[in-house]
Amino acid sequence: MSWIEVGELAEIPRLGARVVRTAGGNIAVFRTATDAVFALDDKCPHKGGPLSQGIVFENRVACPLHNWVIDLQEGCAVGPDTGCTRKHEVKVEAGKVFLLPSTAA
Amino acid sequence: MREKLVLIGNGMAGVRTLEELLKLAPDAYDITVFGSEPYGNYNRILLSPVLAGEKTIDDIMLNDDAWYSSNGITLHKGKKVTKIDRRKRIVTTEDGTDASYDRLLLATGSNPFVIPVPGNNLPGVITFRDIYDVDRMLEASQNYKHAVVIGGGLLGLEAANGLKLRGMNVTVVHLMDTLMERQLDPVAGAMLKKSLEDRGLHFLMAHSTEAIVGDEHVKGVRFKGGLEIAADLVVMAVGIRPNTDLAKSAGLHCERGIVVNDTMQTYDPRIYSVGECVQHRGIAYGLVAPLFEQAKVCANHLAQLGYSRYEGSLTSTKLKVTGIDLFSAGDFIGDDSTEDIVLKDAARGVYKKIVLKDNKIHGAVMYGDTVDGAWYFQLMRDEIDVSDLRENLMFGQHHLGDSGHGQTNRVAAMEDSAEVCGCNGICKGDIVKAIIGKKLFTLEEVRAHTKASSSCGSCTGLVEQLLAHTLGGDYSQTPKKKSMCGCTEFTHDEVREGIRVNRLKTMQTARDFFQWKNPDGCQSCRPALNYYLLSTWPSEYVDDAQSRFINERAHANIQKDGTYSVIPRIWGGETNPAELRAIADVAEKYEVPTVKITGGQRIDLLGVKKEDLPKMWADLSRAGFVSGHAYGKALRTVKTCVGKTWCRFGTQDSTTLGIKLEKLTWGSWTPHKFKMAASGCPRNCAEATIKDFGVVCVDSGYELHVGGNGGVKVRATDLLCKVETEEEVLEYCAAFMQLYREEGRYLERTAPYLERVGLSYVKQKIVEDPSGRKILAERFYESQKYAQVDPWKQHAEAEDQGEFVPLSKIG
């Protein structure tokens with residue numbers, strides 16, 4: 001896979017997320033208060049809740065279903081909960097967001 | 001170069017301070033610890049169960065050697081510091097080991113008091129303080145027969161019980177004529193004595209020790225008046241004294257303990273102190289909960305954050321003797337200015353006494369049934385006016401309306417397989433295992449590790465009891481002042497008041513003003529702040545969508561598979577064929593898999609894809625529907641019965657009244673969900689007496705009920721008053737909602753709000769003060785001007801569908 005342009009940074013709200021639909025399932029693209037951007041499978045490691053719908057703070061998101069907190073950088077639950085969701089490479093260039101979907105299982 | 005921190009005293013308070021410090025500033029110091037005992041840090045309060053054979057030393061170790069090394073801490077075990085040179089900032093041990101410091105933490109704990117009588121240094125005379133003492137008691141129990149415990153307080157009785165279980169013949173000697181007289185009144189003390197006697201302990205009350213008798217080894221104890229009894233082992237458990245020797249020798253100001261200020265700093269600014277050796281505002285504490293609070297504050301200042309203060313603790317007591325339940329807190333004796341409520345049932349072995357002063361709980365002592373101890377303690381700490389609870393106070397919290405959880409309360413008797421947390425399926429055994437295995441001390445820790453009590457919260461009381469039961473009582477209870485979340489030290493009330501008084505009108509200014517620790521806040525405080533700003537500045541505040549929980553942001557309820565449910569508003573639950581047809585059309589058009597009638601008399605369309613929501617709303621909007629707000633901390637529904645229009649029993653037109661109420665209040669945001677109902681007669685088919693605001697029509701007018709809810713903890717309403725006209729119903733409703741909107745804490749429903757402020761207070765505001773009521777109602781009407789905009793229509797008409805559609809589709 002190569003980098004794919006998925007939209008403008010401005011289309012993702014600060015402290016929020018948008019969904020990119022792929023053949024392999026939804027990917028959530030998050031934007032923090034400092035405009036850092038992260039991408040994870042839109043599936044909480046707990047019960048598959050859509051992380052894109054959660055409240056974002058610092059480099060974290062709280063899953064809307066059962067309030068697990070997932071670290072955006074690695075996609076892993078913050079202790080004492082355990083479990084990770086798949087992460088994807090994402091970058092911003094000239095205000096545009098590029099995604100490199102991970103193909104690893 | 002990093003600064004050097006030296007801790008003297010490798011016990012619970014000192015090491016807890018290090019743990020808190022490492023959380024806040026892991027790399028701030030090079031840390032060195034001196035401990036006089038040859039062990040790591042262990043849980044001293046669990047020595048009694050070790051003595052009794054219920055736990056092992058391994059069970060009670062808190063930090064092993066690996067913990068120190070993995071945190072880069074130098075530990076000197078078995079080394080006693082004998083000198084502090086404050087000028088050179090060096091501490092030195094008996095054997096000449098020294099360490100220099102930039103900051104020093106003294107946690108030298110306390111020493112058991114040895115009564116000054118002849119023979120008190122004979123072999124066989126010991127105290128009860130550490131693992132060494134326990135080992136000697138265990139040794140004695142294998143070789144000797146007669147044990148005498150001097151001191152009928154908490155520690156003495158625990159020692160006596162343990163020795164008895166180890167097979168010794170035990171006599172407890174007490175100077176006073178009531179056991180544990182600092183924690184129990186004479187009635188409870190006598191009941192305790194009786195049950196300990198039933199277990200085979202002997203007591204000598206009101207006896208003063210004159211001498212310990214023996215030559216090579218203790219042989220007996222002699223009392224004033226001449227009585228002498230045989231003893232092979234004498235345990236002195238008459239109290240503890242803060243260990244201030246080292247501090248005094250270093251010239252630090254000490255009274256009973258080492259004197260510290262609210263930041264746990266001693267008179268030498270480089271030296272801090274925590275634990276049993278400390279005297280804070282004149283009080284030296286000997287229980288774990290206050291010491292942990294001190295540790296937290298001290299760590300904050302060692303990490304140079306500087307915003308935390310220790311303001312003293314209220315403490316409660318439980319005895320760690322299996323099978324004996326007693327609890328006391330505060331002043332339970334009382335005086336001329338107090339009143340008592342007493343319940344005594346000798347056959348059941350139950351005694352409870354609550355001391356009230358100015359309608360607040362001043363103290364409580366309980367024996368046999370201590371289930372509500374935590375509740376009384378909380379009412380006491382929060383200084384709640386209990387006049388409205390008074391008639392049921394003695395019977396406990398579940399008598400205020402608990403849907404069955406209250407009866408399963410006796411945690412000690414519960415099977416390990418009994419489910420405690422019904423939401424997450426957590427059993428008693430899981431929780432106890434986590435408390436012991438993961439060394440948990442607080443409710444928050446149990447929630448994080450087991451999930452118990454972290455969902456609906458109805459089992460919180462049970463989990464707290466399990467903590468108390470497992471740890472033996474003085475576990476860390478929720479601090480008196482409960483901060484909004486980990487982002488701030490301020491409480492909900494302080495933040496809201498600050499927003500109003502200082503005219504803070506955006507999220508950012510509010511978080512800056514209160515110096516939020518995390519710049520973004522967190523998932524817990526952001527929705528609360530958003531609500532406080534919105535309810536305080538209805539015309540000015542710009543709602544922050546990213547601080548709304550998804551249901552309120554998407555104006556629909558998220559389901560477990562990530563789809564949403566849509567509930568259109570049906571005023572008062574009365575509909576017609578055209579509306580039903582429109583809903584049916586929408587359901588078919590968007591292939592809604594499930595259509596369901598809700599408990600609040602509305603129609604729920606379940607399983608809707610997020611991107612279909614705006615289109616569906618557009619269709620519903622064209623048919624005249626607005627959002628039902630079934631997803632929000634907001635006015636939900638007004639449930640009605642058919643009233644006098646059809647019903648042969650109806651006294652008023654409850655359906656029309658319900659529609660009027662719903663038209664008045666829809667769209668308003670509240671601290672938690674807000675439900676209403678209007679019943680046409682006292683048969684109450686609309687179930688108005690379990691609603692936040694309920695109207696029961698009677699022939700002569702309308703009864704207004706407040707503060708009820710169904711759900712986890714059923715609570716029937718309290719009758720607020722009776723009024724004569726519909727106009728009055730509407731005005732009282734608006735005023736009550738506004739009062740709750742302005743004073744309820746975020747996620748606090750009207751039931752706990754009402755119990756917190758008291759029905760009398762609400763009556764005073766709404767019923768007895770007509771002009772105040774009108775002002776409240778006016779503020780509600782004003783706020784509604786900005787709130788009654790249909791969010792569905794807004795979103796459906798918006799050009800940018802924003803988060804409702806994918807950013808893009810690839811692959």
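In chain B, the axes of helix α21 (residues 654-665) and helix α22 (residues 726-743) come within 11 Å and cross at roughly 35°. Axes are lines fitted to C-alpha atoms over the stretch in contact, with angles from 0 to 180 degrees between N-to-C directions. This is a predicted model: local features need pLDDT of at least 70, side-chain atom pairs count only at pLDDT 80 or more, and totals for chains, interfaces and linings use all residues. Residues are numbered from 1 along each chain, chains are lettered from A, and side-chain values use heavy atoms, without hydrogens and water.

**Helix pair α21(B) and α22(B)**
- The crossing of α21(B) and α22(B) is right-handed, that is, the near helix is turned clockwise from the far one by less than a right angle.
- From α21(B), Leu657(B), Lys660(B), Leu661(B), Leu664(B) and Thr665(B) take part in the contact (heavy atoms within 4.5 Å).
- They meet Glu726(B), Val729(B), Leu730(B), Cys733(B), Ala734(B) and Met737(B) of α22(B).

**Helix α5(B)**
- Helix α5 of chain B covers residues 131-143. Its 13 residues reach 19 Å from first C-alpha to last, close to the expected 18 Å (1.5 Å times one less than the number of residues).
- Its buried residues are Ile131(B), Asp133(B), Val134(B), Met137(B), Ala140(B) and Ser141(B) (under 20% relative accessible area, 1.4 Å probe, protein chains only).
- Their cover includes β3, α2, α3, β11, α6 and β18 of chain B.

**Interface of chains A and B**
- Contact involves 32 residues of chain B and 34 residues of chain A.
- The two chains bury about 2,600 Å² between them, 58% of it on carbon and sulfur atoms (accessible area lost on being put together, 1.4 Å probe, summed over both).
- Gln523(B), Leu807(B) and Ile810(B) lose the most area in chain B, together 31% of what that side buries.

Methods. Helix = DSSP H or I, 4+ residues; strand = E, 2+ residues; numbered from the N terminus. Buried < 20%, exposed > 50% of the residue type's maximum accessible area, 1.4 Å probe, protein only.
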